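Here is a short report on one protein model. Look at the sequence and the structure first, then read on.

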Amino acid sequence: MSPEGRHAIVIGGGASGVLLAFQLLKNNPSGLRVTLIEKRPEIGRGLAYHAGNPEHLLNVRVTNMSALPDDPEHFWNWLCARPGGPLCPDPYCFVPRQTYGDYLVDLIAPLRSRDGTQGLTIVRGECVSIRENPSDVAVTLADGTCITGSTAILATGHDAAAPLLAGHAEPWASPTDAGIDTKATVLILGTGLSMVDYVLSLLRYGHQGQIVAMSRRGLLPRAHRRVDPMRFTEREIPFGAEIGPLLRWFRRRIELHVAEGGEWRGAIDAIRPFTQRLWQELPLSSKRRFLEHARAWWDVHRHRTAPEVEARIAEALAIRRLTVIAGKLASIAPNSGGAIVRYRRRGQTETSELEVGAIVDCTGIVRDPAASTNPAVRSLLDQGLARIDPLRIGIDVTPDCAIVNRDGSPSRRLYAVGPLTRAAFWEIIAVPDIRQQCAELAGRLRETVIAS
């Protein structure tokens, strides 16, 4: 077999890319070679786990953050083995995001190749083009380097939002790096987990001005609690039902659970193993209704904050450092001090006005891939090697993660994992879901290599 026949190219070196590379190379009897391409200086951190504010905590408990689906204690054991101990008393706690980035770095380090003939090769650069040929794939980097292999897997994670205004604050940069005046009024668009992190960053860097967070419904993420587990059996779940009957069934099950002394969090956690199948069997019209009317409610109950973070946000609200508005942005007019923002509060017809010194877009990750600035994604779309799904929230992939081309045919060489595949899987932005997806895809790709 040619070297290209044993060579997988993973595009994106954040959490998704590292988890996939690890699974591909774990117990590697086939001699598979993996090249991991990442434009950032460090592997494994991406946007979520970069070294930043230590007050930015994981929103999933340590016990659920193992990189290995078959070794649920792996992350906790790694924490316990660190100098100084595990940072928290038990596996049901929450640790800084940057600590999880350290974990992913350690996970992948032993797999790095010494001679480039097998194992992991890390290439720093930006993928700008992907070409699928009859016998291989060719990936071109911004500096002109071309890498060929048997398969290419997109693991590029979340696209950063395009700026609303020239010079507006990026949600992933610290307020200091963004040059935000500590006395300015800051408008944060979105009231989810990204907003929570940015508020913590503003407070950490000594911000004294007003912080205003705005979203259509003004919903804030709920917090985790230690609750008694609940169990669903597969046969009681109405798979394939329209969204209305499905939600009524789920609300009723929550009510019964609460009446028996349980807690809604137990029900949300219990349905999680079935959410991907529920999504896949929803009629397309029901998926659209869910995204328009129910997604925000699901997100604030499903994607929760650490209790410590909840306390900080509650304090900021109580002393009116933070104000949350349920409303819709109408216009932004830049001026010398920042911008004049006009918005319409929920349920009102007249508009209100707010003068702000900075705007931060934390509206989330569900965006039309047609507006993607990622050159690797753009390359596939422009060539017709990929297509946007009917809901316009991701690229179209098969249940096996193969990328579907413009004509509806799945590729035999191009795949995708992580948030890019949310149209097919929906619940695919958290490590517990991504690690399983990567393990399953890696198993299929290794079998293909061995069979060849």
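Buried means under 20% relative accessible area, exposed means over 50%, and partly exposed lies in between (1.4 Å probe, protein chains only).

## Basis

This is a predicted model: local features need pLDDT of at least 70, side-chain atom pairs count only at pLDDT 80 or more, and totals for chains, interfaces and linings use all residues. Residues are numbered from 1 along each chain as its sequence is written, and side-chain values use heavy atoms, with hydrogens and water left out.

## Cysteines

A disulfide is a pair of cysteine sulfur atoms within 2.5 Å. A search of the whole structure finds one. Cys88 and Cys93 form this bond, with their sulfur atoms 1.9 Å apart. Cys93 is buried, at 10% relative accessible area. Cys88 is buried too, at 13%.

Cys146 is partly exposed, with 45% relative accessibility. For Cys401, the closest cysteine sulfur is in Cys438, 8.0 Å away and again too far. Cys401 is buried, at 2% relative accessibility.

Helices (H or I, at least four residues) and strands (E, at least two) are DSSP runs, numbered from the N terminus. Two strands pair if DSSP finds at least two bridges between them. Six strands make an open sheet in the order 3-2-1-7-15-14, with mixed pairing. Strand 3 (119-124) and strand 14 (402-404) are the edges; each has a single partner strand, so one side of each lacks a neighbour in the sheet. On average, neighbouring strands of this sheet are turned by 35° against each other, direction ignored. Axes are lines fitted to C-alpha atoms, for helices over the stretch in contact, and angles run from 0 to 180 degrees between N-to-C directions.

Strand 1 (residues 7-11) and strand 7 (residues 151-154) run parallel, joined by four bridges. Ala8 stands opposite Thr151 in strand 7. Helix 10 (residues 375-383) lies across strands 1, 7, 14 and 15 (410-416), at about 120° to strand 7.

Strand 5 (residues 137-141) runs antiparallel to strand 6, with four bridges between them. Val139 stands opposite Ile147 in strand 6.

## His56

Where is His56 found? It is in the loop between strand 2 (33-38) and helix 2 (74-81). His56 is buried, with a relative accessible area of 15%.

The side chains of His56 and Ser201 are joined by a polar contact of 2.9 Å. Such a contact is a pair of N or O atoms within 3.5 Å; within protein, one must be able to donate a hydrogen and the other to accept it, and residues adjacent in sequence count only if both atoms are side-chain atoms. Contact means heavy atoms within 4.5 Å. Not counting residues up to four places away in sequence, His56 touches Pro96, Arg97, Asp197, Leu200 and Ser201.
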